[in-house]
Amino acid sequence: METSTFVYDGDCAFCSRCAEFIERRIPTGARVLPWQFADLAALGLTEAECEEAVQWVGADGSRAAGPDAIAKLLGDSGPLWRVAGSGLRFPPVRAAAWPAYRWVARNRHRLPGGTAACSLPQEARERLYGPTGGPAAGS
């Protein structure tokens, strides 16, 4: 793979807002894309992994999830962001980052930019909104 890829949940407004921030403010060479539009098989990812956490697939084939994926993304960015990525990999910070990440993931529908759809499993979102996030056929 030539380019690293950061994969997020495009059905979640909170996650999409965070991805927009990354694209606007964090200078990275990685592709940032919703898993719903990614070739998961080519990336070696599953829907279940992507529903659980953001994912990083490095150009070198390395993989990371959740705050570890965020640390990889930051480490692949500009100098100040690399410092933040290093801080996120520091063992005590990393130990605290996972519980914080899981809390955010469970409550993302309550956070600014979040929607009720953020709290639904992918199967329920597809049933309600269709596979691309638009209204389901016949609705």
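Axes here are lines fitted to C-alpha atoms, for helices over the stretch in contact, and angles run from 0 to 180 degrees between N-to-C directions. This is a predicted model, in which local features need pLDDT of at least 70, side-chain atom pairs count only at pLDDT 80 or more, and totals for chains, interfaces and linings use all residues. Residues are numbered from 1 along each chain as its sequence is written, and side-chain values use heavy atoms, with hydrogens and water left out. Helices (H or I, at least four residues) and strands (E, at least two) are DSSP runs, numbered from the N terminus.

**Stop 1: the sheet.** Select β1, β2, β3 and β4. They form an open sheet in the order β2-β1-β3-β4, with mixed pairing; two strands pair if DSSP finds at least two bridges between them. β2 and β4 (63-65) are at the edges with a single partner strand each, so one side of each has no neighbour in the sheet. On average, neighbouring strands are turned by 20° against each other, direction ignored.

**Stop 2: strand β1.** Select residues 5-8. In a regular strand the side chains alternate between the two faces of the sheet. Here Thr-5 and Val-7 point one way, while Phe-6 and Tyr-8 point the other way, and all are buried (under 20% relative accessible area; exposed is over 50%, partly exposed in between; 1.4 Å probe, protein chains only). β1 runs parallel to β2, joined by four bridges, and Tyr-8 stands opposite Pro-34 in β2. On its way from β1 to β2 the chain passes through α1, and this β-α-β crossover is right-handed: with the strands pointing away from the viewer, the path from the first strand over the helix to the second runs clockwise. With β3 (residues 55-57), β1 pairs in the antiparallel sense over three bridges; there Phe-6 has Trp-56 as its bridge partner.

**Stop 3: helix α1.** Select residues 13-25. Phe-14, Cys-15, Ser-16, Ala-19 and Ile-22 are its buried residues. They pack against β1, β2, α4 (66-75) and α6 (91-107), where contact means heavy atoms within 4.5 Å.

**Stop 4: α4 and α6.** Which residues of α4 meet α6? Select Gly-66, Pro-67, Asp-68 and Ile-70, which meet Arg-94, Ala-97, Trp-98 and Tyr-101 in α6. The two axes come within 8 Å and cross at roughly 115°.

**Stop 5: β3 and β4.** Three bridges pair these strands in the antiparallel sense, and Val-57 stands opposite Arg-63 in β4. α4 packs on the sheet, touching β1, β3 and β4, and its direction makes about 125° with that of β4.

Conventions:
Expected span 1.5 Å × (residues − 1).
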